[in-house]
Amino acid sequence: MFSRLQRFYTSIKVVADMVMLALAFVLAYATRFSGIVPVTEGIPPWTDSFFSLLMVLVIFPVTFHQSRLYGTNRSRTNTGEVFEVFKSTITAALILVAVTYFVRERYSRLTLAIFIVYAFALVTCSRLVTRYLVSEIRRRGHNLKSILVIGAGDLGQRVIETVEHHRELGFRVMGVLTLHPEKVGQYVNDVRVIGLVDQVNEVLDSHPVDQVILALPLEGHAHVKALMDKLALRTVDVRVVPDLYQYITLYGGLEEFGGLPIIRLQGDPMEGWSRVAKRAFDILFSLLAILITAPLMAATALAVRLTSRGPMLYRQERMGMDGRTFPILKFRTMCIDAEHSGAMMACPDDPRRTVIGTFLRKYSLDELPQFFNVLRGDMSLVGPRPERPVFIEEFKRQIPRYHLRHKVKAGITGWAQINGLRGQTCIEKRIEYDLYYIENWSLLMDLKILVRTALGGFLSKNAY
């Protein structure tokens with residue numbers, strides 16, 4: 001029921017956005033060619049504009065989806081909603097311009113500019129009105145379905161928090177049942193504990209309940225059979241939340257395989273088309289980066305060769321996706337015997353650096369050859385920075401969930417790096433930022449990180 005209602009609520013938002021986009025397109029066309037603005041090159045045929053409208057109705061909703069505008073985010077303020085719509089509208093418009101350029105589609109640039117203004121205004125108004133109406137309906141208590149939560153522990157508390165977080169779906173928790181008599185009369189997240197688990201029949205007889213959610217801890221599963229025998233005689237919907245959420249780490253959830261329900265405790269964050277899209281993104285932008293930086297790489301290679309003895313490039317074993325190792329490429333910034341006494345991290349004023357090495361590290365120019373690692377598929381443009389295997393075993397023992405950063409390809413830059421976590425900074429904080437990136441990945445997020453890197457994110461006082 002929850003997933004069906006969520007999909008229904010999302011579909012309403014998608015349809016409303018498409019209606020607003022179509023209206024904005026028609027208004028823009030009418031404004032441009034109504035005589036208000038002088039027309040010097042003739043009015044384009046409506047068939048051309050109709051094709052542009054079709055692209056709008058595909059590109060804009062897809063971009064909004066990538067920006068998580070169709071996700072449920074109750075904590076987002078009205079101002080935040082307006083800002084996200086503005087960013088997504090601009091991004092979608094840029095994609096539209098690029099697509100129309102490649103297909104040689106004829107369109108009026110002024111019409112497009114007018115359309116962007118109308119689209120932003122109409123979509124924003126539609127969303128703000130929808131938020132207000134949903135909030136008002138919810139405030140007046142209309143069309144709400146009541147839920148009885150069985151379990152007053154951590155799992156029951158999480159169920160209540162989740163229901164409250166998705167109040168736009170029309171659910172409210174009317175009470176909680178517990179296994180512990182001393183908890184009766186207390187409150188769990190502002191919801192009263194109204195009785196014991198054994199009193200479920202009495203509660204259902206005296207309170208209108210549409211759905212029962214079992215959220216008992218593992219030690220309370222001995223009560224499940226007796227509960228299910230009682231609930232089998234009732235017409236209420238029954239849902240069970242297994243007490244395994246504390247073991248769910250990354251992209252966990254419930255899935256179905258041949259009719260068999262399976263709880264996924266840990267999954268792959270990038271599957272199917274997501275992986276294809278990210279790989280295509282990496283190939284396209286790494287090729288572009290190589291073409292742009294080719295003269296700079298040639299100059300850097302020459303400087304390394306002229307200022308120190310040894311090869312221009314340095315290959316070092318790093319660990320990437322799924323724990324596989326690969327040789328990362330860098331311009332050599334240290335003497336050829338820098339690690340004769342064993343592996344060690346770089347430090348401030350490192351005496352092992354070459355004459356040009358300090359400069360290359362400060363401005364991250366030594367990282368440029370890694371674009372070839374991206375082309376080979378060893379790395380991605382954006383992702384957690386790869387570490388050396390010799391240090392990783394120690395990190396795994398010290399830092400919970402460290403291994404999860406290897407669920408994706410390592411990157412040249414990442415969310416942690418643009419937030420100042422480079423070099424010998426707090427490794428726990430870096431893992432926190434890396435996992436945030438993995439859990440919230442999108443192509444737009446990759447693009448944002450690359451832009452911030454290009455605008456100075458490669459500079460850091462910890463780059464030595």
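Colleague: Let's start with Leu 231. Which residues does Leu 231 touch, not counting residues up to four places away in sequence?

Modeller: Leaving out those sequence neighbours, Leu 231 touches Val 200, Leu 204, Val 212, Leu 214, Val 236 and Val 238. Keep in mind that this is a predicted model.

Colleague: Where is Leu 231, and is it buried or exposed?

Modeller: Leu 231 belongs to helix H7, which covers residues 224-231. Its relative accessibility is 3%, so Leu 231 counts as buried; the cut-off for buried is under 20%.

Colleague: How far apart are Leu 231 and Asn 201?

Modeller: In sequence they are 30 residues apart, and in space 8.1 Å, going from C-alpha to C-alpha.

Colleague: OK, zoom out for me. How many helices and strands does the chain have?

Modeller: The secondary structure comes to 14 helices and 12 strands. The chain has 464 residues, and buried ones make up 42% of them.

Colleague: New topic: charges. How many salt bridges are there?

Modeller: The count comes to 13 salt bridges. As background, side chains of opposite charge can pair when their charged atoms come close.

Colleague: Give me an example. Which side chain meets Arg 127?

Modeller: Asp 17 does, in a salt bridge of 2.8 Å from N to O. That pair links distant parts of the chain, with Arg 127 in helix H4 (residues 109-139) and Asp 17 in helix H1 (residues 2-32), 110 residues apart.

Colleague: Are those two buried or exposed?

Modeller: Arg 127 has 6% relative accessibility, so it counts as buried. Asp 17 is buried too, with a relative accessible area of 1%.

Colleague: What does Glu 81 do with Arg 127?

Modeller: Glu 81 forms a salt bridge with Arg 127, and the closest N and O atoms are 2.9 Å apart. Glu 81 lies in helix H3 and Arg 127 in helix H4, so this pair ties together parts that are 46 residues apart in sequence. Both Glu 81 and Arg 127 are buried.

Colleague: What about the pair Arg 385 and Glu 367?

Modeller: Their side chains meet in a salt bridge at 3.1 Å, N to O. Arg 385 is in the loop between strand E11 (380-382) and helix H11 (389-398), while Glu 367 is in the loop between helix H9 (357-362) and helix H10 (370-376). Both are buried. Back to Arg 127 for a moment: salt bridges that share partners join it with Asp 17 and Glu 81 into one network.

Colleague: Which residues does UniProt mark as "transmembrane region"?

Modeller: The unreviewed UniProt entry puts that annotation on residues 12-31, 43-64, 85-104, 110-130 and 283-304. In the model, residues 110-130 are 100% helix, with the end C-alpha atoms 30 Å apart. Residues 283-304 are also 100% helix, and their end C-alpha atoms are 27 Å apart.

Colleague: Rings next! How many aromatic pairs are there?

Modeller: The search of the whole structure finds 9. One of them is Phe 359 with Tyr 363, a tilted pair at 5.0 Å centre to centre and 50° between the planes. Phe 359 counts as partly exposed at 44% relative accessibility, and so does Tyr 363 at 32%.

Colleague: Which residues do ring pairs link into a cluster?

Modeller: Phe 25, Phe 60, Phe 64, Tyr 70 and Phe 115.

Colleague: Last one: what's going on with phi at Asp 322 and Ser 364?

Modeller: Asp 322 isn't a glycine, but its phi is positive, near 60°. Asp 322 is in the loop between strand E9 (313-319) and strand E10 (325-331), and at 48% relative accessibility it counts as partly exposed. Ser 364 isn't a glycine either and has a positive phi of about 60°. Ser 364 is in the loop between H9 and H10, and it is buried, with a relative accessible area of 10%.

Methods. Residues are numbered from 1 along each chain as its sequence is written. This is a predicted model: local features need pLDDT of at least 70, side-chain atom pairs count only at pLDDT 80 or more; totals for chains, interfaces and linings use all residues. Side-chain values use heavy atoms; hydrogens and water are left out. A salt bridge is a side-chain nitrogen of Lys or Arg within 4 Å of a carboxyl oxygen of Asp or Glu. Helices (H or I, at least four residues) and strands (E, at least two) are DSSP runs, numbered from the N terminus. Buried means under 20% relative accessible area, exposed over 50%, partly exposed in between (1.4 Å probe, protein chains only). Contact means heavy atoms within 4.5 Å. UniProt positions are given in the numbering used here, feature names are shortened, and annotations may be inferred rather than shown by experiment. Rings of Phe, Tyr and Trp (its six-membered ring) pair if their centres lie within 6.5 Å; planes under 30 degrees apart count as stacked, over 60 as edge-to-face and the rest as tilted.
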